[in-house]
Structures are given as structure tokens and as C-alpha cells.
Amino acid sequence: MAEPTPHGRDTYDLDEVTPLTPALPGLVSVARTRDQLLDAVAADLIVHAKNCVRTFGDVHIALSGGSTPLPLYERLMYDPNLRSFPWTRTHLWIVDERCVPFDDSRSNFGHIKDIVVDHSGIPTEQVHPMMATHPDADALYENELREHLGWREKGQDRLDWVVLGMGDDGHTASLFPHHEALDETVRLVRKCTGPFVTPPDRVTMTYPLINSARFIAIMVTGAAKAPTIARIARGNPDPHELPITAIRPLAGELKWYLDADAAVSPITL
Ligand code: 6PG
């Protein structure tokens, strides 16, 4: 028989061990599994969306592409507990887009349309794809945002919920390390081109727009991202090195949703 541990137990079941919570700016939720992470984000989102509809009559959500949030979008469609999501009162915006047609597999809206738009019952006029191949895509999208959010009273004219992912290099949305778009303080949407941008060219929401949101959810999964999470947790990184660190809501909430693999870096152990 194995020697009992000092805590009176023979073995530890890893599933029972609470993963470490890195010290990130904002609230941090660490899930043991990706499935539990999706539960947590979806549960927060539906409560928040219903509250916004109760208060304002509608809810404006902005969705990112990349692979991390796609299972969340799928969950929103098939989970019976989420059937009461107020899709008919939802405006759906896109955080960033690659300058490719929607039927290109790299198009964020292409995926979001297939998963959400085509199955949620959201009215077409409340769906706001970025026309990223248009030469004035940034100005057009900014105007569309101002027009729709302008119905709200001053101070409430902001996105209600934004979901972001994070690249291994610390980029978020299409805000890449060392790109001049990181210094934008006025415009809400910008084109991102040039050597610092992973091709193809992009159009992205900027810090001023994202940081004005009522709730920002950052989803990060997988061990490949753990070293970047550890760098952020060590504090005071330069946003030009790690753009996600300039995501700081002005008058809203920021919540990180991590799985255990992303939360624990070998560097921190
Ligand atoms: C995109 C995103 C981008 C993404 C990160 C993480 O359109 O690709 O907006 O910022 O969130 O690159 O991507 P993964 O989730 O695929 O790791």
C-alpha cells in the first residue's frame, strides 16, 4: 500500500486539483477543461445579453475569429440551456476581418455566418459583417457602428460584449506587435497592412472601440499560449510587444477565460 501523503491521501486525482490562477489584469476564470471554459463564457454571456436587452432593448456583441471561440459559437447554437439567448434583439459585429471574400476559408465572418447567423434566427439587418475587401472598409464599418450605437443615450453608445482571442505573440483582434494601429486613439476601426501583419491584410476594431465596451471576454486555451500568459502575469509588459496588455476597459469589465493548459506555464513552475 502506498505511503499516505501528509494530507492523509494516497494519491491525488489531477481532476480535483484547482489549476493555478495567473495574476492578469481583470477577473480570471480558469477551467479544468475546455468544455468547462465554454460553459463559463456562455453562462456569463447569456446573463449579460439578457440584462442589456432588459435595459436597452437590444444587445450589441462583437465576435472574433480564430479557432478558440468557434466552439463557443457552436455551443450557443446547440446547448438547450442557451436556447433563450435573445437573438432577435442582438446586433452581431465582427472584431476583425481578413481582406478576403466571405467564402474564403480565412474569412472570420464566413465561419460565424455558417455557425451562428444561418441558425440563430438573428434578423439579417442586425448582422454587421466587415466588408474588408472594400477600399473604404474601415470608414464604412465605423460609420455603421456609430449609426447603430447612436440610438443609445450618450454613455451607453458602446458595444455590450466583445470576445477576443490571443495569438502566441500576444496579438489580439488584428492588433499586431509593433504595428502603428496600436497607437490609434481616435478611429474606431482601422486597416492593418504592412510587415508586422500576418498576411492577408486585415481590418480591425481599435483599442478606443474595444476598451469602451461594457464587457470584454478574452478566451485563451492551450499550452502554446501559456508562456505568453506568464509574461503578462509578470506585469508591466510593453503593449507594442504584447498588444493584448493594452486591453483595459475604460468603464467596463474585463474577464479572462483560460483552460488549465494556458494558465500554467512551465516557466512559472
Ligand atoms: C483572428 C483573431 C485573432 C485571434 C488570435 C488567436 O481573426 O484570427 O481575431 O486575434 O483571436 O490570432 O487565434 P486562435 O484562436 O486561432 O489561436
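The structure, which is a predicted model, holds 15 salt bridges. One of them joins the side chains of Asp 259 and Arg 34, with a distance of 3.2 Å from N to O. This pair links distant parts of the chain, since Asp 259 belongs to strand S10 (residues 253-259) while Arg 34 belongs to helix H1, and the two residues are 225 residues apart. In general terms, side chains of opposite charge can pair when their charged atoms come close.

| Helix pair | Angle between axes | Distance between axes |
|---|---|---|
| H1 (residues 34-56) and H2 | about 60 degrees | 10 Å |
| H2 (residues 70-78) and H3 (residues 108-120) | about 15 degrees | 10 Å |

For the second pair, the angle between the axes is about 15 degrees, and therefore H2 counts as roughly parallel to H3. The crossing of H2 and H3 is left-handed, and the residues that make the contact are Leu 70, Tyr 73, Glu 74 and Met 77 on the side of H2, together with His 111, Ile 112, Ile 115, Val 116, His 119 and Ser 120 on the side of H3. Sorted by class, the residues of this contact comprise six nonpolar, three polar and one charged.

The crossing of H1 and H2, by contrast, is right-handed. Here Asp 35, Leu 38, Asp 39, Val 41, Ala 42 and Leu 45 of H1 meet Pro 71, Leu 72, Arg 75 and Leu 76 of H2. Seven residues of this contact are nonpolar and three are charged, with no polar residue taking part.

Between S4 and strand S8 (residues 202-205) the antiparallel pairing extends over three bridges, and Arg 98 has Arg 202, in S8, as its bridge partner.

Definitions and conventions. Residues numbered from 1 in each chain as written. Predicted model: local features only at pLDDT ≥ 70, side-chain atom pairs only at ≥ 80, totals over all residues. Heavy atoms only, no water. Axes fitted to C-alpha atoms, helices over the stretch in contact; angles between N-to-C directions. Helix = DSSP H or I, 4+ residues; strand = E, 2+ residues; numbered from the N terminus. Parallel < 35°, antiparallel > 145°, perpendicular 65-115°, else oblique. Left-handed = near helix turned anticlockwise from the far one by under 90°. Contact = heavy atoms within 4.5 Å. Nonpolar A, V, L, I, M, F, W, Y, C, P; charged D, E, K, R; others polar. Pairing = 2+ DSSP bridges. Salt bridge = Lys/Arg side-chain N within 4 Å of Asp/Glu carboxyl O.
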